[in-house]
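Here is a short briefing on a single model. It is grouped by topic.

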Amino acid sequence: MPEVVPSTSPNKEKQHNVVLATVLSILFAGLGQLYNRRFLKGIVFIVVEAAFLITLANFVVNGVWGAITLGETPREDHSIILLIEGIIAFIVIGFALTAYIFNIIDARRNAKDLQLGKKIPTVRQQVIDAYNSSFPYMLITPGLIMLVFVVVLPLAFMLALAFADYSLYNAPPRKLLNWVGFENFTKLFTEDIWRESFVNVFSWTIIWTFVATTLQIALGLFLAILVNDKRIKFKRTIRTVLILPWAVPAFVTILIFAAMFNDTFGAINNDILSQFGVAIPWLTDATWTRVALILIQTWLGFPFLFALFTGVLQSIPSDMYEAADVDGGSRLQKFRFITFPHIMFATAPLLIMQYAQNFNNFNIIYLFNEGGPAVRGQNAGGSDILISWVYKQTFEYNQYSMAAAITIIMGLIVSIFAFFQFRRTAAYKEEGEM
């Protein structure tokens, strides 16, 4: 904080009008600062607002018009371009409003300081004060601006599409888009083909997420505890072998398994199950496709969790187990009261992310059977989860607005699940208290 030095003319400063400074800064940015005799800052604000009005006012007005109307003349107005320009216009308005409000607050605060008789800092002092108080914000501001255009803009575009009627049969520039409100969301629950597809895909997504993730966690934990046992020899070799599946790229493993599970020439049917006179339709029956997917994901996911749990087990003090032995604790009791709480405390956030990752695990679903097999009366395959269904609606059926609506639902589910689970996680609470 700069040192407060009483002004040499206190009576004059007491007459300084705070309301007038505020009103002037509202009328045009920088005028309030000029009234406060902060001439350099006032000139900067005036130049910024004038430049904004001269260069961007027309773009902002047209952008807002385009976002509201989505065009008025087919083949001349392109609704998608107008929508993107409209979103950019609103972002620019947001930045301009932020600067404008800062100008008003600054003028009012400085006017109050003058009224109290505080000395006006020199330009050099203002620069030093700004450097000392705002240096971190100066560094992160370019990154935040880039983040707005790289992350917020696509998200806003997707959100907007969910409330429009963009599809294969209503695509610009041949036709104009229209705002349809929540019609795309209501379709998911009212129209038969969308309702049946959504219920089927959503229920399978939930089952897939919990079963596949829980199995890979359980297998990783079981193997980690087993290998960590003192009676096990050649631990390094065993750990290396168990982590090997992690070293192979996932998409390679999935494609190999897709060939092995093939109904006609796959090794599982031809070389293993044929010995028992059994042939399972892994790729043509939805139930068996789902079983195969869960088995493959368990194989793909357990090495990482095995390595994670192994590291945590090494950090548990051995004297805790020795104390439990003295008290006569059984193996189950030591696992329940020592091992499991330690593992959950250290790994719960990562385990939650495993569930969230599998909820949107597009690769295995699409690479194994492209979400198939097809299901009669639905526009989703038997093994499609929400993310692969969105992909099909976007790139195969061109139902862009419906895909955006489904994506919003997915985002809400994952966000709510992750938020509440993180809030209930002991490690998260500990982090927040630090």
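**Second largest pocket**

By class, 6 nonpolar, 4 polar and 8 charged residues make up the lining of the second largest pocket. Ala, Val, Leu, Ile, Met, Phe, Trp, Tyr, Cys and Pro count as nonpolar, Asp, Glu, Lys and Arg as charged, and the others, Gly among them, as polar. The model is predicted: local features need pLDDT of at least 70, side-chain atom pairs count only at pLDDT 80 or more, and totals for chains, interfaces and linings use all residues. Residues are numbered from 1 along each chain as its sequence is written, and side-chain values use heavy atoms, with hydrogens and water left out.

- The second largest pocket has a volume of about 710 Å³.
- Of its 18 lining residues, Asn228, Asp229, Tyr321, Arg331 and Lys334 are the closest to its centre.
- On a 1 Å grid over the protein atoms alone, a pocket is an open set of points where a 1.4 Å probe fits, with protein on both sides within 12 Å along at least five of seven lines; lining residues have an atom within 4 Å of a point.
- Grid points are joined across faces, edges and corners, and a volume is the space filled by probe spheres set on the points.
- α8 (192–228), α12, α13 (318–326) and α14 (331–359) each supply at least two residues of this lining.
- α14 gives the largest share, 5 residues.
- Helices are DSSP runs (H or I, at least four residues), numbered from the N terminus.

**Helix α12**

- α12 covers residues 286–314, 29 residues in total.
- From first C-alpha to last, α12 reaches 42 Å, close to the 42 Å expected at 1.5 Å a residue (1.5 Å times one less than the number of residues).
- α12 bends by about 35° at Phe302, and Pro303 follows within four residues; the bend is the angle between axes fitted to the seven residues ending there and the seven starting there.
- At the start of α12, a side-chain oxygen of Asp285 comes to within 3.0 Å of the backbone nitrogen of Thr287.

**Aromatic pairs**

- The count comes to 24 aromatic pairs (Phe, Tyr and Trp rings, the six-membered one for Trp, with centres within 6.5 Å).
- Phe257 and Trp299 pair edge-to-face, at 6.4 Å centre to centre and 75° between the planes; edge-to-face requires over 60 degrees.
- This pair links distant parts of the chain, Phe257 in α10 (residues 250–260) and Trp299 in α12, 42 residues apart.

**Backbone in loops**

- The Pro172 to Pro173 peptide bond is cis, with omega near 10°; Pro173 is in the loop between α6 (123–161) and α7 (183–190).
- The Gly372 to Pro373 peptide bond is cis, with omega near 5°.
- Arg37, a residue other than glycine, has a positive phi near 65°.

How values were computed. Polar contact = N/O pair within 3.5 Å; in protein donor to acceptor, adjacent residues only side chain to side chain. Phe/Tyr/Trp six-rings, centres within 6.5 Å; stacked < 30°, edge-to-face > 60°.
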